[in-house]
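Thanks for coming, everyone. Please have a look at the model on the screen, and then I'll walk you through it.

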Amino acid sequence: MTATRRAFDTVIILAIVLAAWQGLHQWVGSTALPAPMPTLAYLAKLVPTERFAESAWATLVTFFWALLLSYGLGLLLGVWMGIHRLSGAVGEPILISLYTLPKVTLYPVVLLIFGLTLPGRVTFGAMHGVLPVALLTMNSIRNIPPVYVKAARTLHLSHRQTISTVLFPAAFPEIVSGLRIGFTLTLLGVLLAEMFASKAGLGALIINAMQLLQNQEMIAVAIVLFLFAAAANAVLLWMEHRLHRRV
Amino acid sequence: MSKVGWLRLVVIVGAVGALEVACRAGWINHRVVIPPSEMADALVQLLISGKFNEQIARSFGLVIAAIIIAVVAGFIVGVIIHALPRVRQALDPFFATYYAVPIFIFYPVMIPIFGLSVIPILLMGVLTAIVAMIISTLNGLDRVPRVLTKVARVHRMGRISTALRLKLPAAAPHLFTGVKLAVSYGFIGVIASEFILAPAGLGRVISDAYSDFDNRSMYALMLLLVVVATLANTLLHLFDQRWAERRGAGKS
């Protein structure tokens with residue numbers, strides 16, 4: 001009952017958003033903001049085209065490598081800083097201040113190093129994702145209750161057994177939270193990179209549409225990205241909740 | 001300073017020094033990265049010459065305006081939503097996904113609506129920051145201990161004085177977390193928008209300098225942004241720590 005009511009409320013909010021869109025459209029005129037229904041129709045037409053598929057594929061490839069780099073480096077850094085307390089204490093404030101920095105400003109540096117290439121966009125995406133993954137992984141390891149380690153020692157578990165049966169399962173749920181935030185920010189980084197300087201990808205498609213004043217296309221692509229990010233986030237959140245409940 | 005603090009300083013100075021050496025020795029091309037000392041020198045000269053002061057003031061002004069609007073409006077919206085549990089339940093999934101969506105993809109949508117002026121930039125800054133403030137306000141109000149509302153009833157306090165004298169101080173630490181987040185999101189929202197497309201501002205100037213291969217100006221302004229953002233965050237962090245200590249001391 002509550003689930004259906006909640007779904008009903010969510011539908012109402014979606015309806016309000018659509019109504020607000022329609023209202024704004026009436027107010028500012030259709031050149032500035034196209035009406036919702038024709039835009040959604042355009043969206044349905046745009047997605048199957050080859051032009052869209054090409055851009056989406058380019059973004060996915062960039063995103064894949066950036067994510068791999070974020071996760072790999074972030075986990076490595078996080079595990080190291082979690083296990084080695086001193087490096088953690090020294091590095092944490094540095095990582096936090098890097099995390100709060102507007103990294104867009106540093107994009108030209110990446111561009112100067114890599115040029116307008118795939119590695120440049122991958123690096124920029126990873127720059128966003130590495131820090132939350134590292135910080136949350138570090139915290140997850142630090143927050144393992146010492147009694148777990150003692151229990152492992154009492155049971156005479158080997159080093160490898162301790163890691164695989166005690167430490168890893170204890171830290172895993174929080175690591176997954178880090179991976180979710182890393183996912184989100186890496187996607188943001190990749191799209192910003194594409195928006196600022198690229199000829200390929202959905203970010204570039206949006207900027208292109210903006211320059212050609214094709215507002216329908218711009219909004220349609222934005223909606224696709226919105227849905228992709230929201231769906232991925234929902235899946236990861238669901239995994240996270242399940243893991244937290246298990247513990 | 002503690003041992004850890006010293007070590008941290010050594011790490012930072014070492015990293016900057018290594019970059020300096022690598023640039024001076026020619027291991028890193030001068031056209032890619034200029035030595036940190038040159039960045040600092042360029043920044044000082046830029047500030048003295050006043051060439052970009054207007055742009056700098058414009059951007060930081062926008063950042064501050066966006067943060068203030070986001071904090072005030074976010075707090076008000078948070079209080080209203082907190083009072084309406086059903087609305088809150090319906091909005092929960094949106095809050096959970098909000099920061100998962102790269103909101104910058106909507107910046108180009110705003111430009112034809114509001115024109116290429118400060119409004120879309122300010123709006124982007126507010127939009128990136130406000131939801132963090134709303135969520136923090138909700139969290140803070142959730143964690144107001146029940147006993148405080150009972151105390152208020154015992155003392156026959158009115159709704160407004162309960163809110164101001166009991167609930168607000170109790171929720172304050174969470175509100176401050178919201179402010180901290182709003183500050184860093186405000187920076188990102190404004191500067192990133194200026195980067196993508198803007199008539200003026202620091203982001204625009206940096207991206208122009210990049211296009212013109214004007215590395216000295218580019219790195220100088222980047223350094224300025226990094227220093228200001230780090231300074232703002234460090235100050236907030238220090239304030240937070242002091243405050244937490246005082247609260248801790250007051251309790252015992």
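Chain A is divided into domain 1, residues 1–30, and domain 2, residues 34–246. Those bounds come from an automatic or database domain assignment. How far apart are the C-alpha centres of the two domains of chain A? They lie 29 Å apart.

A word on the source. This is a predicted model, where local features need pLDDT of at least 70 and side-chain atom pairs count only at pLDDT 80 or more, while totals for chains, interfaces and linings use all residues. Residues are numbered from 1 along each chain as its sequence is written, and chains are lettered from A and ligands numbered from 1 in the order in which they are written.

Next, the fold of chain A. Chain A has ten helices and zero strands. Helices here are DSSP runs of H or I, at least four residues, and strands are runs of E, at least two, both numbered from the N terminus. The C-alpha trace of chain A spans about 70 × 55 × 30 Å along its principal axes. Of its 247 residues, 39% count as buried, meaning that 20 or more other C-beta atoms, placed from the backbone, lie within 10 Å of the residue's own.

Now the partner chain. 44 residues of chain B are in contact with 45 residues of chain A. Contact means C-beta atoms, placed from the backbone, within 7 Å. Which helix of chain B gives the most to the side touching chain A? Helix 10 does, with eight residues.

Definitions and conventions. Two residues are in contact if their C-beta atoms, placed from the backbone, lie within 7 Å. A residue is buried if 20 or more other C-beta atoms lie within 10 Å of its own, exposed if 12 or fewer, and partly exposed in between; C-beta atoms are placed from the backbone.
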